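Work through the exercises below with the sequence and the model open. Each task is followed by a stepwise solution.

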Amino acid sequence: MAINVNIRKHLIEKHRRFELNVQFQASTNFLVLFGPSGAGKSLTLQSIAGLITPEQGTITINNTILFDSQTHINIPVHCRNIGYLPQNYALFPHLTVMDNIGFGLKKFWQWSLNKAEQQRVQDIMHLFEISNLANSFPRSLSGGQQQRVALARALVCKPNLLLLDEPFAALNPLLRTKMRNELLQIQKLFNTPVVIITHDQADVDAFGETVVIIDDGKAQQIYNHKNRIRETPDLSITNLMLSNHEALNEA
Ligand SMILES: Nc1ncnc2c1ncn2[C@@H]1O[C@H](COP(=O)(O)OP(=O)(O)OP(=O)(O)O)[C@@H](O)[C@H]1O
């Protein structure tokens with residue numbers, strides 16, 4: 001996947017002001033957005049998903065323009081064919097596992113899924129080993145089960161890109177390791193490029209083909225995990241993260 005993000009947006013709430021001014025481009029199937037809390041990672045991901053609209057700039061994926069402020073292109077969220085997994089998974093509490101996953105396939109005019117779509121839901125539940133949970137509601141699922149359902153829902157419509165906002169943050173450390181391995185397998189199986197947000201170095205080490213360090217609303221640095229390329233080596237936070245990263249690599 002070739003991804004090119006160059007966006008600006010000002011957010012003002014009461015006396016708080018945040019300026020997002022993120023620019024990066026990468027060619028990778030596993031991109032990690034890494035940085036401290038409040039850095040602008042989720043806003044960047046939401047802009048790629050089409051959930052928020054930047055004031056200025058461009059977003060292109062594999063030469064498809066998703067957003068361009070100059071030419072007034074802004075592909076609607078439901079036409080981007082992007083799977084998005086928010087931090088809290090956002091499962092519908094009143095829908096069963098099967099219906100939550102099926103929701104990802106339903107067009108807004110559809111009352112129910114057709115036979116082929118129903119079969120696709122069954123197939124993906126089988127793949128994720130959650131068929132036994134088909135009629136359960138999210139409140140009765142464990143953290144790992146909820147995450148699998150949310151991933152299945154994001155992947156059921158065969159997206160061109162999968163966006164994951166801190167997918168492991170809510171899981172205990174043991175489950176986190178297990179789900180990391182699952183995600184790697186899923187990515188191989190579906191061959192869907194992934195953009196993942198994290199502030200966990202272990203995620204960077206597991207997934208970071210290419211890592212973009214975001215801090216203070218800006219992409220401060222982009223590097224290849226095995227062959228780091230420095231672009232703007234001037235920030236202390238960046239250097240701290242990189243030394244952690246190097247220490248971990250040497251360990
Ligand atoms: N609608 C909004 N109005 C005003 N400020 C906002 C709004 N949404 C987000 N922000 C601010 O923008 C900044 C970046 O938010 P963002 O959610 O992108 O951070 P993040 O890097 O994903 O952090 P975390 O890792 O904690 O989720 C934060 O300071 C946040 O408070």
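Helices here are DSSP runs of H or I with at least four residues, and strands are runs of E with at least two, both numbered from the N terminus. The model is predicted.

**Exercise 1.** Determine which element gives the most to the shell around the ligand.

Solution. 
Step 1. List the elements that supply at least two shell residues each: strand S1 (2-13), strand S2 (16-27) and helix H1 (41-49).
Step 2. Pick out the leading contributor: H1, with three residues.
Step 3. Locate the nearest positions. Of the 13 residues around the ligand, these are Leu-11, Ser-37, Lys-41, Ser-42 and Leu-43.

**Exercise 2.** Describe the setting of strand S3 (residues 30-34): is it mostly covered or uncovered?

Solution. 
Step 1. Apply the burial cut-off of 20 or more other C-beta atoms within 10 Å. Four of the five residues of S3 are buried, and the strand is mostly covered.
Step 2. Find the pairing with strand S9 (residues 194-198): five bridges, in the parallel sense. Here Val-32 has Ile-196 as its bridge partner.
Step 3. Find the pairing with strand S10 (residues 210-215): four bridges, again parallel. In S10, Val-211 stands opposite Val-32.

**Exercise 3.** Summarise the protein chain: how many helices and strands does it have?

Solution. 
Step 1. Count the elements: seven helices and eleven strands.
Step 2. Take the buried share, which is 36% of the 251 residues.
Step 3. Among contacts with a separation of 6 or more, 66% join residues 24 or more positions apart.

Definitions and conventions
Residues numbered from 1 in each chain as written. Predicted model: local features only at pLDDT ≥ 70, side-chain atom pairs only at ≥ 80, totals over all residues. Near = placed C-beta within 6 Å. Buried ≥ 20, exposed ≤ 12 C-beta atoms within 10 Å, placed from the backbone. Pairing = 2+ DSSP bridges. Contact = placed C-beta atoms within 7 Å.
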